[in-house]
Amino acid sequence: MRYHNITKDDMLNGDGLRVVLWVAGCSHCCKGCQNPMTWDPDGGLLFDDAAKQEIFDQLDQPYIAGITFSGGDPLHCANREDVKNLMIEIKEKYPDKTIWLYTGDSWKNIMHYPMMKYIDVLVDGEFKQDLRDVTLLWKGSSNQRVIDVQATLKQEDSSVPVLYCNDHDDIPMGRETSSARIDMDENIVNFKPGIDVACDA
């Protein structure tokens, strides 16, 4: 697995202060993506023991609520197994910390993945530029869903996700004030996505 960044004391990608791992590799390549530089699975840096320790050093802090996996797509074939193994290690070492994950895939396609039992909250769905709304909570476009994974898996029909929160925050924290148009096309790197190699869930 490769990654682009580890951000600390993050308040924009899940509840509370979080550490965020931005992985490399995404086959969705959404128009208007805020991180097109993360699409290439061969980009960024190798995720090594030093990077893992950097995450653990953050999770050691009592004020850090948990970790968020983003990117890129943590469920890209290049990342899935390593992300799952890291989740297992985090849940064993930090059972009270929450795990959030952002993916461009839809819940119905990934609900059977073994790693789902380690995820607390999952944001699914491709980013749709025409549905972009800066007032949404924890997501960029209105088609995406913020899913309470464990509550969903406990249902008789786990194909119908239990939503973790409403679309909008009761106290918006200033997200609704950002009205500047962002033209992402000029920032897109020259990466041509290919056909993913099939891999087991």
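**Charged pairs and ring contacts**

The model is a predicted one, where local features need pLDDT of at least 70 and side-chain atom pairs count only at pLDDT 80 or more, while totals for chains, interfaces and linings use all residues. Residues are numbered from 1 along each chain as its sequence is written, and side-chain values use heavy atoms, leaving out hydrogens and water.

Side chains of opposite charge can pair when their charged atoms come close. Here that pairing is counted as a salt bridge, meaning a side-chain nitrogen of Lys or Arg within 4 Å of a carboxyl oxygen of Asp or Glu. The whole structure turns up seven of these salt bridges. In one of them, D124 meets R145, with the closest N and O atoms 2.7 Å apart. This pair links distant parts of the chain, since D124 is in strand 6 and R145 is in strand 7 (residues 145–148), 21 residues apart. Helices (H or I, at least four residues) and strands (E, at least two) are DSSP runs, numbered from the N terminus.

D120 itself is partly exposed, at 21%. K128 and E126 also make a salt bridge, at 3.8 Å from N to O; K128 is partly exposed at 34%, and so is E126 at 29%.

Then there are the rings. Rings of Phe, Tyr and Trp (its six-membered ring) pair if their centres lie within 6.5 Å, and planes under 30 degrees apart are stacked, over 60 edge-to-face, and the rest tilted. Four aromatic pairs come out of this rule. F56 and Y94 are tilted, because their planes sit at 55°, with ring centres 5.8 Å apart. F56 lies in helix 1 (residues 49–59) and Y94 in the loop between helix 2 and strand 5 (98–102), so the pair ties together parts 38 residues apart in sequence. Both F56 and Y94 are buried. W100 and W138 go edge-to-face, at 5.6 Å centre to centre and 75° between the planes. Ring pairs also link W100, W138 and Y164 into a cluster.

Definitions and conventions:
Buried < 20%, exposed > 50% of the residue type's maximum accessible area, 1.4 Å probe, protein only.
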